[in-house]
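Keep the viewer open as you read.

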Amino acid sequence: MMKITRRRFLAASLAGGAAVTLAPARKALAAGSFEGYPEGMGVLVDLTRCIGCRSCEAACNKEQQLPAPAEPFDDPSVFDQTFHGGTQKRRTDESHYTVVNRYQPEGEQAPVYRKIQCNHCNEPACLTSCFVNAYTKTREGAVIYNPDVCVGCRNCMVACPFNIPAYAYSSVLNPRIRKCIFCYDTRLKNGKPPACVEICPQEALTFGHRKNLLKIARERIKLHPDRYVDHIYGETEVGGTAWMYLSAVPFDQIGFNTALQKEPIINNVKDFLATVPMVLAIWPALFSGFHLLAKRKGGHGEDHAQPQQEENKP
Amino acid sequence: MSGMRTTKEEIDMLAIRNRLLVAAVALVLAWLPVGPARAGAGPDLVILDSMASLYQGVSFDHAAHEALAEGCATCHHHTTGSAPLSAACQGCHAAGQQASTVACQGCHQAEPFSAEALRTKDLNIHLYHTDKVGLKAAYHLACMGCHQQLGGPVGCQDCHARTDAGDAFYHAGAYAPPPAPAGGSGE
């Protein structure tokens, strides 16, 4: 067996240290960003067309067989509902996978209606935060989940930059995460548009290949620069989403989080996660080496090729 | 038996003859307006009910709207032969381009998001008319834009009464939920 010399040890530690410091740079090349499946579908939500009829909410309720609503779906009084001391408009929950809210931007005559639902990110934070792999990004573009493996940790609720996944608190025996699944089971995988898109009288929701929707969105902005803000919300936000928005008023005035990063959420922790195996592999060797060296100084001439078990601990 | 067959054939022949007659009249009528169609040349009343299910069809007073609109192109783009209003359309259709059909459903598809429609769109995404809305949106966008600007009726049931299926769909009318305690839904 080879004896550990001082020179050999120092060389090995330097190499190890270099590997750790270089890891993030190498990772950036290797991991990159997932741009979404090339044939992925999406929906372009044109808020200039939405009239707040809430038909999408009704269609979602029927398609997903959700519980009967507290108010009729043609009741505009729900737009006045606020929660948490008036700071929060209606949100998606276990029995509402999509919700339309009304906003009155300053200086605008007409109100703006905004539909919210899962945006089906290209690189979903809910998926990457789920340690039981309940979530799947399908090649059609939907972010779906398997409630049978969900353990109810609710990491995805914290991870989602759009606050979409909801928890079925009302179910005592089988609580689970609920959210819009792009009508994947009943429609999307059969080549049909989601129920909300189909019912929309104004075609405020345009269903199609995501890459084509981007082209259509740019075309609309180009044709009507006076009508639209020059931004497609969801084109780049958190790495891009399958559902994207066009608006006549600045997005931050109608409840959108405009401070979101362009990179997928997972990129914030990829660097750290890449160093974990490195640390696990190198630190034991490194500190064993230190320990061995220290021991060697103490006892001249002893054979250290087979150190005792306790001494080998980092 | 053979007598019955003859009768059926006679009926078929009659139907074909009728259809030919209608086609001939339509052809003659189509050539009648020389140049761009003028207001007043359209039908008086159009029943828009090809998609009706949750709502009844709309009895559209075409004559009244002819008087209100600037011209046929306001709704019919270039298909009636007059120049389209949008500058973007005038690139190709400046002279107007009379189409064989001027009905909305002649160009706007009832199912704009079917797999077939999306495949065609994907193949032709670099051509024009890629952002053509479906039939339902063609109706509603054309109506709602003006109605909002000019103060026309904008409520769903202002134009078409909801059917029983519609009431069930919206959980409204006879299907409305019982009044719930205050506090909102599921928050």
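Start with a cut-off: a residue is called buried when its relative accessible area is under 20%. Keep in mind as well that this is a predicted model.

Now pick out B:H93, which sits in helix α4 of chain B, spanning residues 87-93. Is B:H93 buried or exposed? Its relative accessibility is 12%, so B:H93 counts as buried. Leaving aside residues up to four places away in sequence, B:H93 touches B:H78, B:A83, B:P84 and B:H129.

Zoom out to the whole of chain B. Here you'll find 8 helices and 2 strands, and reading along the sequence gives the pattern α-β-β-α-α-α-α-α-α-α. Of the 187 residues in chain B, 24% are buried. If you look at contacts in chain B between residues at least 6 apart in sequence, 44% of them join residues at least 24 apart.

Over to chain A, which has 7 helices and 9 strands. In this chain, 48% of the 314 residues count as buried. Among chain A contacts between residues at least 6 apart in sequence, 61% link residues at least 24 apart. The accessible surface of chain A is about 16,300 Å², and carbon and sulfur atoms account for 55% of it.

What about the buried nonpolar residues? In soluble globular proteins, nonpolar side chains tend to be buried together. In this model, the largest nonpolar core holds 53 residues, and those with the most contacts inside it are A:V43, A:Y135, A:F162, A:F182, A:L205, A:F207 and A:W243. Several elements of chain A supply at least two residues each to this core, including β1 (41-46), β2 (99-103), β8 (205-209) and β9 (243-246). Apart from this core lies another one, of 11 residues, among them A:A58, A:C183, A:I199 and B:L54.

Next, the empty space. Rolling a probe the size of a water molecule over the atoms shows where such space is left. How many cavities of 30 Å³ or more does the count come to? It comes to 6. The largest cavity has a volume of about 140 Å³. It is lined by 19 residues, and A:C50, A:C53, A:C56, A:C200 and A:A204 are the closest to its centre. Both α2 and β3 (112-116) of chain A supply at least two residues of that lining, with β3(A) giving the most, 3 residues. By type, the lining of the largest cavity divides into 12 nonpolar, 3 polar and 4 charged residues.

Finally, turn to the second largest pocket, with a volume of about 970 Å³. Its lining takes in 40 residues, and those nearest its centre are A:P201, B:Y55, B:K136, B:H140 and B:H160. Two or more lining residues come from each of α2 (55-63) and α5 (195-199) in chain A, and from each of β2 (58-61), α6 (135-150) and α7 (156-159) in chain B. Which element gives the most to this lining? That is α6(B), with 6 residues. The lining of the second largest pocket splits into 22 nonpolar, 11 polar and 7 charged residues.

Conventions: Residues numbered from 1 in each chain as written. Chains lettered and ligands numbered in written order. Predicted model: local features only at pLDDT ≥ 70, side-chain atom pairs only at ≥ 80, totals over all residues. Heavy atoms only, no water. 1 Å grid on protein atoms, 1.4 Å probe; cavity = no way out; pocket = protein on both sides within 12 Å on 5 of 7 lines; lining within 4 Å. Points joined across faces, edges and corners; volume = space filled by probe spheres on them. Helix = DSSP H or I, 4+ residues; strand = E, 2+ residues; numbered from the N terminus. Nonpolar A, V, L, I, M, F, W, Y, C, P; charged D, E, K, R; others polar. Core = buried A, V, L, I, M, F, W, Y, C linked by side-chain atoms within 4.5 Å. Buried < 20%, exposed > 50% of the residue type's maximum accessible area, 1.4 Å probe, protein only. Contact = heavy atoms within 4.5 Å. Areas by Shrake-Rupley, 256 points an atom, 1.4 Å probe, with all protein chains shown as cover.
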